[in-house]
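Please look over the sequence and the 3D structure shown here.

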Amino acid sequence: MSEERQKKGLALLGKLFGTPAGEGPSMPDPLGRYTVEHLFGDVWQQDDLTLQERSLATCTMLFALNRPEEMKIHFRGAKNVGIARDKLLGVISHGAHYAGWPNSMAAMRVLDEVWPKE
């Protein structure tokens with residue numbers, strides 16, 4: 001089962017972040033194994049949300065928690081799985097009322113950095 005989840009996790013990481021299976025930032029075990037097998041091989045594979053919904057939810061939580069380094073990664077991932085920039089802008093604008101203006105402004109800076117306006 002672990003090998004199957006690892007394959008699924010690596011494939012999803014490649015789809016989200018544009019890296020070939022097994023490449024990308026390395027993390028020490030057991031964190032790396034948990035990330036690939038459990039988070040991306042199991043949690044992100046559930047049928048309750050689409051990949052786009054799960055990506056948008058992740059971006060929303062990272063914005064609300066003001067985690068700019070992770071926002072960079074997941075905003076790029078959102079673009080890679082077909083989420084429109086305007087959707088992220090909508091989440092950031094709406095979320096400003098709940099997560100705070102400073103978090104919203106930080107998220108806008110990250111979005112403009114990783115996905116400039118066209």
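Helix α3 is followed by N66, whose phi is positive, near 55°. The model is predicted.

**Helix α3**

- Helix α3 covers residues 51-64, which is 14 residues, and at 1.5 Å a residue it should span 20 Å.
- The buried residues in α3 are L51, R54, S55, T58, C59, L62 and F63.
- The cover over these buried residues includes α1 (2-17), α4 (68-80), α5 (85-99) and α6 (101-114).

- Side chains of opposite charge can pair when their charged atoms come close.
- The model has 5 salt bridges by the rule used here.
- K72 and E69 form one of them, at 3.3 Å from N to O.
- Both K72 and E69 lie in helix α4, 3 residues apart, or about one turn of the helix.
- K72 is buried, because its relative accessible area of 17% is under 20%.
- K72 also forms a salt bridge with E113, at 3.5 Å from N to O.
- K72 is in helix α4 and E113 in helix α6, so this pair ties together parts 41 residues apart in sequence.

**The R85 and D112 pair**

- R85 and D112 form a salt bridge, and their closest N and O atoms are 2.4 Å apart.
- This pair links distant parts of the chain, with R85 in helix α5 and D112 in helix α6, 27 residues apart.
- R85 counts as buried at 12% relative accessibility, whereas D112 counts as partly exposed at 32%.

How values were computed. Residues are numbered from 1 along each chain as its sequence is written. This is a predicted model: local features need pLDDT of at least 70, side-chain atom pairs count only at pLDDT 80 or more; totals for chains, interfaces and linings use all residues. Side-chain values use heavy atoms; hydrogens and water are left out. Helices (H or I, at least four residues) and strands (E, at least two) are DSSP runs, numbered from the N terminus. The expected span of a helix is 1.5 Å times one less than its number of residues. Buried means under 20% relative accessible area, exposed over 50%, partly exposed in between (1.4 Å probe, protein chains only). Contact means heavy atoms within 4.5 Å. A salt bridge is a side-chain nitrogen of Lys or Arg within 4 Å of a carboxyl oxygen of Asp or Glu.
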